[in-house]
Amino acid sequence: MQYLVSVITDTTDRATPEEDAAIDVFNDGLKTQGHWVFAGGLGAPSSATVIDNRGEEPLFTDGPFLESKEFLVGFWIIDAADLDVALRLAAEGSRACNRKVEVRPFL
């Protein structure tokens, strides 16, 4: 089963060189163990554009969908046998990137 591991932060500070190195080691482990699907970092919320095309014309709005102290800064998509494995991997990822993470299964 695949899971989304969302990386959550409350600062626009980028990862330190030490955090980058730890993330690389974590990513290599995911690949070696067969859990790697995809991962990526995201730009700051100020770089977001929200599009709402439910009406007559699409509405484009600069900035994040929701004003919040915390925001999504990156993610991993992992393949894990079950939730317990996904949670264990997510805990390792949280330590590597030094940020909170959220785990959600794909439907």
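Helices (H or I, at least four residues) and strands (E, at least two) are DSSP runs, numbered from the N terminus. The model is predicted: local features need pLDDT of at least 70, side-chain atom pairs count only at pLDDT 80 or more, and totals for chains, interfaces and linings use all residues. Residues are numbered from 1 along each chain as its sequence is written, and side-chain values use heavy atoms, with hydrogens and water left out.

**Overall architecture**

The protein chain contains two helices and six strands, in the order β-α-β-β-β-β-α-β from the N terminus. Its C-alpha trace spans about 50 × 35 × 20 Å along the principal axes. Of the 107 residues, 25% are buried (under 20% relative accessible area; exposed is over 50%, partly exposed in between, with a 1.4 Å probe and protein chains only). Among contacts (heavy atoms within 4.5 Å) with a separation of 6 or more, 78% join residues 24 or more positions apart.

**Largest pocket**

A pocket is an open set of points on a 1 Å grid over the protein atoms alone, where a 1.4 Å probe fits, with protein on both sides within 12 Å along at least five of seven lines; lining residues have an atom within 4 Å of a point. The largest pocket has a volume of about 550 Å³, a volume being the space filled by probe spheres set on the points, which are joined across faces, edges and corners. Its lining comprises 24 residues, and Ala15, Ile23, Gly41, Leu42 and Val73 lie nearest the centre. The elements that give two or more residues to this lining are β1 (2–9), α1 (17–33), β2 (36–41) and β5 (71–79). Strand β5 supplies the largest share, five residues.

**Two residues in detail**

| Residue | Relative accessibility and class |
|---|---|
| Tyr3 | 3%, buried |
| Asn98 | 54%, exposed |

Tyr3 lies in strand β1. Not counting residues up to four places away in sequence, Tyr3 touches Trp76, Ile77, Ile78, Ala80, Asp82, Leu83, Ala86, Val103, Arg104, Pro105 and Phe106. The C-alpha atoms of Tyr3 and Asn27, which are 24 residues apart along the chain, are separated by 15 Å.

Asn98 is placed in the loop between α2 (83–97) and β6 (100–105). Its phi is near 60°, a positive value in a residue other than glycine. Most residues other than glycine have a negative phi.
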